[in-house]
Amino acid sequence: MEFEDISKRFEELQVCVIIPTYNNHLTLAGVITDVAAYSNHIIVVNDGSTDDTEEIVKSFPQVQLISYPQNVGKGWALRQAFAYAMEKGYQYALTIDSDGQHFAKDIPNFLNKLEDVRDAIIIGSRNMDQAAVPGKSSFGHKFSNFWFWVETGIHCPDTQSGFRLYPLYLLEGMKFYAVKYEFEIEVIVRAVWRGVHMDSVPVTVYYAPKETRVSHFRPFTDFSRVGVLNAFLVVIAFAWIKPRNFFRDLLKKKGRKKILATLYNPNDSDETKALSIGFGIFMGIVPIWGFQLAVAIFLSIIFKLNKALVVFSAHISIPPMIPVILFLSYKAGEYWMGDRVANIAFSSHISFKSIGAHLEQYIYGSLTLAVVASLSVGLMTYGLLKLLKKSPAAL
């Protein structure tokens, strides 16, 4: 493809290429040269390099340079570049690493996908099964993909790839906190929560031999930072995002149809569906508030239950129901307390603080209520499913 043709596509789509870099003077010039064969809209972010980075960039007059003296991290570099690109009027930013791991020849793949899908973050999906992939990269790839799915419910083939195309206008106004490698996880999770779609294109990847490979990734420190970020995002996901999305689905006809389609899915037996709903009810009541959905999803995978039905029924613990669940748990606990029983009147203001003085009664009662409610709802679901099969008109 001629330079004029693809360069014109860059301008029509309002795309720039962002290259964050830190002490990669051995590969930076080659990366810029390769990218410049496709576009002159190049922004390099010098993240406090102490080598010849600035001199290298200045040898390319068409390249726009953002530079600051102190190394902060890749996430900060990207955040600065996004803000700069939006000020310059770019609508999309294609990011590529400066270490030579990615190939500019894959750039047209992103533009082709962008012309079909305008409102998505497009990830360059690498082939991580090749022999040259370092063990820590392979583990990190699987680790990151799993937690992204937990936090968003979306399967992304490569959440750690730095070769991406971002719709900048859809990220405008979003707040980010990460400044190092973990930013690339935070940005896609928060974008999905906002409603931005995810897509991918296959890209080639090159891992230099170990003795010549330059990497600023620090396994212990950076994995720890990623772990802390994921813990933070999981709490937000289960405490706010997933309940919010659940209610949004209930209010939409499409969402209600999705729930019904899951219930009538012929791939699962009636027994599995009933067990899934009963188990979800159980997990929604047991006294592990804040971790109920996370544990429910994990165990539903282990026991091969219907995850959608488990999550759906676990939402019995939605905020309006919490006072009811707390009160019924408290009452159920009376049967275990003997002469130590305590009475509490029902009120819509019942909270964990209200029952804290009689925690033992609440714990016994909540476990009792969870078992009774899950068995009751599970059996009723099983009976209803059998009844509906006998009377198709009822569907």
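**Glu 360 and Arg 340**

I started at Glu 360, which counts as partly exposed at 34% relative accessibility. This is a predicted model, so I keep in mind that side-chain atom pairs count only at pLDDT 80 or more. Next I looked up the partner: Glu 360 meets Arg 340 in a salt bridge, 3.0 Å from N to O. The two sit in distant parts of the chain, 20 residues apart, with Arg 340 in the loop between helix H15 (334-337) and helix H16 (352-355) and Glu 360 in helix H17 (residues 359-390). I checked Arg 340 too, and it is partly exposed, at 48% relative accessibility.

I then looked for shared partners.

**Glu 186 and Arg 190**

I found this pair inside helix H8 (residues 183-194), 4 residues apart, which puts about one helical turn between them. Buried or exposed, I wondered, for Glu 186 and Arg 190? Both are buried.

**Glu 115 and Arg 9**

My last pair was Glu 115 with Arg 9, a salt bridge with the closest N and O atoms 3.1 Å apart. Glu 115 lies in helix H5 (residues 107-116) and Arg 9 in helix H1 (residues 3-13), so this contact ties together parts 106 residues apart in sequence. Glu 115 is partly exposed at 36% relative accessible area, whereas Arg 9 counts as buried at 12%.

**Tally**

I noted the total as well: the structure holds 12 salt bridges.

Methods: Residues are numbered from 1 along each chain as its sequence is written. This is a predicted model: local features need pLDDT of at least 70, side-chain atom pairs count only at pLDDT 80 or more; totals for chains, interfaces and linings use all residues. Side-chain values use heavy atoms; hydrogens and water are left out. A salt bridge is a side-chain nitrogen of Lys or Arg within 4 Å of a carboxyl oxygen of Asp or Glu. Buried means under 20% relative accessible area, exposed over 50%, partly exposed in between (1.4 Å probe, protein chains only).
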